[in-house]
Amino acid sequence: MIENLIRMHGVAPPAVLHLPMTPATRLDQLPDGARAVVARVVSASPEVDAVALRRLGEIGFIPGEPVQLLRRGPGGREPLAVLVGDTLFALRRVEAQCIEVEPERPAARARAASPGATAATEAARTAQPEPAP
């Protein structure tokens with residue numbers, strides 16, 4: 001339908017960006033300290049039902065969200081300490097297996113450390129408190 005409207009108004013259709021498909025990796029397969037981006041949340045075990053998947057989405061595991069696997073519990077097992085956005089969560093391995101991730105793109109990291117954010121942080125750091133009257 002959009003293409004028909006575009007043709008009616010004589011505007012060229014927008015170019016479609018085709019990215020190469022890469023196999024997604026599960027969050028529990030990342031090495032400690034690795035960064036990635038959530039690709040999707042799927043059931044990876046009969047233990048995980050729709051309620052558990054919805055809970056993962058509600059706490060922030062949504063496509064496009066940056067994640068970092070900080071570390072694993074004793075013996076390299078459970079729980080997994082995961083940073084999603086700016087929030088730290090502890091996940092069971094079966095939950096981490098439901099989260100498919102893709103490698104973080106360099107542009108996403110550059111946006112996170114944008115010059116505007118750095119300038120605002122520096123301004124807040126150098127601001128002097130007002131003297132009490």
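## Strand pairing

Strand E3 and strand E4 (residues 80–84) pair in the antiparallel sense over five bridges. Strands here are DSSP runs of E with at least two residues, helices are runs of H or I with at least four residues, and both are numbered from the N terminus. Two strands count as paired if DSSP finds at least two bridges between them. Within this pair, Leu-69 sits across from Val-82 in E4.

On to the next pairing: E3 (residues 66–72) also runs antiparallel to strand E2 (residues 35–41), and three bridges join them. Here Arg-35 is the residue opposite Gln-68 in E3.

## The model

This is a predicted model, so a few ground rules apply: local features need pLDDT of at least 70, side-chain atom pairs count only at pLDDT 80 or more, and totals for chains, interfaces and linings use all residues. Residues are numbered from 1 along each chain as its sequence is written, and side-chain values use heavy atoms, with hydrogens and water left out.

## The whole sheet and fold

Zooming out, six strands make an open sheet with antiparallel pairing, in the order E1-E6-E2-E3-E4-E5. Strands E1 (25–26) and E5 (87–91) are at the edges with a single partner strand each, so one side of each has no neighbour in the sheet.

Overall, the protein has five helices and six strands. Read from the N terminus, its elements go α-β-β-α-β-β-β-α-β-α-α.

## Contacts and surface

Of the contacts (heavy atoms within 4.5 Å) with a separation of 6 or more, 64% come from residues 24 or more positions apart. Of the 133 residues, 22% are buried, meaning under 20% relative accessible area with a 1.4 Å probe and protein chains only.

The accessible surface is about 9,600 Å², and carbon and sulfur atoms account for 59% of that. Areas come from the Shrake-Rupley method with a 1.4 Å probe; for residues, only the protein chains shown count as cover.

## A look at Glu-100

Glu-100 is found in strand E6 (residues 99–103). Is this residue, Glu-100, buried or exposed? Glu-100 is buried, with a relative accessible area of 16%.

The Glu-100 side chain makes a polar contact with the side chain of Arg-40 at 2.7 Å. A polar contact is a pair of N or O atoms within 3.5 Å; within protein, one must be able to donate a hydrogen and the other to accept it, and residues adjacent in sequence count only if both atoms are side-chain atoms. Leaving aside residues up to four places away in sequence, Glu-100 touches several others, among them Ala-24, Thr-25, Val-38 and Arg-40.

Definitions and conventions. Buried means under 20% relative accessible area, exposed over 50%, partly exposed in between (1.4 Å probe, protein chains only).
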